[in-house]
Amino acid sequence: MDGNGRWAQARGLRRADGHRAGAETIRPVMERCGQHGVEVLTLFGFSTENWGRPHTEVQSILKLGRDFIDTHLDELDAAGVQLRHLGDLDRLPGFLRGRVARAVERTRDNSKLILNLAFNYGGRADIVEAVQSLIRDGVAAEDVTEEAITARLATAGLPEPDLLIRTGGETRISNFLVWQAAYAEYYFTDALWPDFDAGEVDAALIEFSRRQRRFGLVPNGDDEESLPAESGS
Ligand code: IPE
Ligand code: MG
């Protein structure tokens, strides 16, 4: 969810105002995704690298996380949304950690839409922790398979992402779901996150529907060996 700062700057507002506007974008985007039948939506709200931002900005983002839960939890729960958290909960301040844990617990049996909040998340750390947990459990080297690692990532049990959207005009993934998104379709848009509305969701999904996904295979399973041999020399 990139572009909050630039959105604010363009309006002569503070970066914190941009983050607030960005938080307000979440609800309508979620609703539109639900209308389109999206089953899992993952929002990258705060990366492990974001701790390096000025203290006041970090605080404003953490408080927005708290406010988002306080404002929306009842409504999300009633709508059948299952909240999950991706990332390191322990390093988050108590006021956020407790709320996230309770929200996850309260909504665990909901099944209409899974909403992953990637908050204090880093893709490489996710992989490292998965491998560490295999080692801790004494898993033999030959049993360290792709499936075994996948099963211990923060996204364990969830399907791989089909579509990865980055707003704000940057064309990189910045350590987001680096393992899980190996075969995702990428969609980059100049729209700043606070401007990413239902119409932008539609545009991303229309573009996605036009992509041909081959997962490293050839289209239609064509077998060149079975093509007629070229005549002449
Ligand atoms: C939001 O956008 C990303 C978060 C860390 C919440 P930015 O804060 O990166 O906005 P820009 O890139 O400065 O516009
Ligand atoms: Mg940015």
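Where does glutamine 82 lie? Glutamine 82 lies in strand 2, and the views below start from the sheet around it.

This is a predicted model, in which local features need pLDDT of at least 70, side-chain atom pairs count only at pLDDT 80 or more, and totals for chains, interfaces and linings use all residues. Residues are numbered from 1 along each chain as its sequence is written, chains are lettered from A and ligands numbered from 1 in the order in which they are written, and side-chain values use heavy atoms, with hydrogens and water left out.

**View 1. An open sheet has three strands in the order 1-3-2, with parallel pairing.** Helices (H or I, at least four residues) and strands (E, at least two) are DSSP runs, numbered from the N terminus. Two strands pair if DSSP finds at least two bridges between them. Strand 1 (40-47) and strand 2 (81-86) sit at the edges, each pairing on one side only. From one strand to the next, the twist averages 20°; for angles, axes are lines fitted to C-alpha atoms (for helices, over the stretch in contact), and values run from 0 to 180 degrees between N-to-C directions. Strand 2 is joined to strand 3 (residues 113-121) by six bridges, in the parallel sense. Look for histidine 85, which stands opposite leucine 117 in strand 3. Helix 4 (residues 94-106) lies across strand 2 and strand 3, at about 140° to strand 2.

View 2. A polar atom of the glutamine 82 side chain lies 2.7 Å from the backbone oxygen of asparagine 110. That's a polar contact: a pair of N or O atoms within 3.5 Å, where within protein one must be able to donate a hydrogen and the other to accept it, and residues adjacent in sequence count only if both atoms are side-chain atoms. Skipping neighbours within four places in sequence, glutamine 82 is in contact with residues including Thr107, Arg108 and Leu113 (contact means heavy atoms within 4.5 Å).

**View 3. The largest nonpolar core has 29 residues.** Such a core is a set of buried Ala, Val, Leu, Ile, Met, Phe, Trp, Tyr and Cys residues joined through side-chain atoms within 4.5 Å. Met30, Leu43, Leu62, Leu76, Leu83, Leu115 and Phe119 touch the most other members. Helix 3 gives the largest share, seven residues. There's also a second, separate core of nine residues, with Ala118 and Leu164 among them.

**View 4. Ligand 1 has Asp2, Asn4 and Arg53 among the residues around it.** A residue counts as near if one of its heavy atoms lies within 4 Å of the molecule. An oxygen atom of ligand 1 lies 2.8 Å from a polar side-chain atom of aspartate 2. Another pair to find is a ligand 1 oxygen atom and a polar backbone atom of asparagine 4, at 3.1 Å. For the side chain of arginine 53, an N or O atom is 2.7 Å from an oxygen atom of ligand 1.

**View 5. Asparagine 120 has a positive phi of about 65° although it is not a glycine.** Asparagine 120 is in strand 3, and counts as buried at 2% relative accessibility. Phenylalanine 215, also not a glycine, has a positive phi of about 50°. Phenylalanine 215 is partly exposed, with a relative accessible area of 48%.

Notes: Buried < 20%, exposed > 50% of the residue type's maximum accessible area, 1.4 Å probe, protein only.
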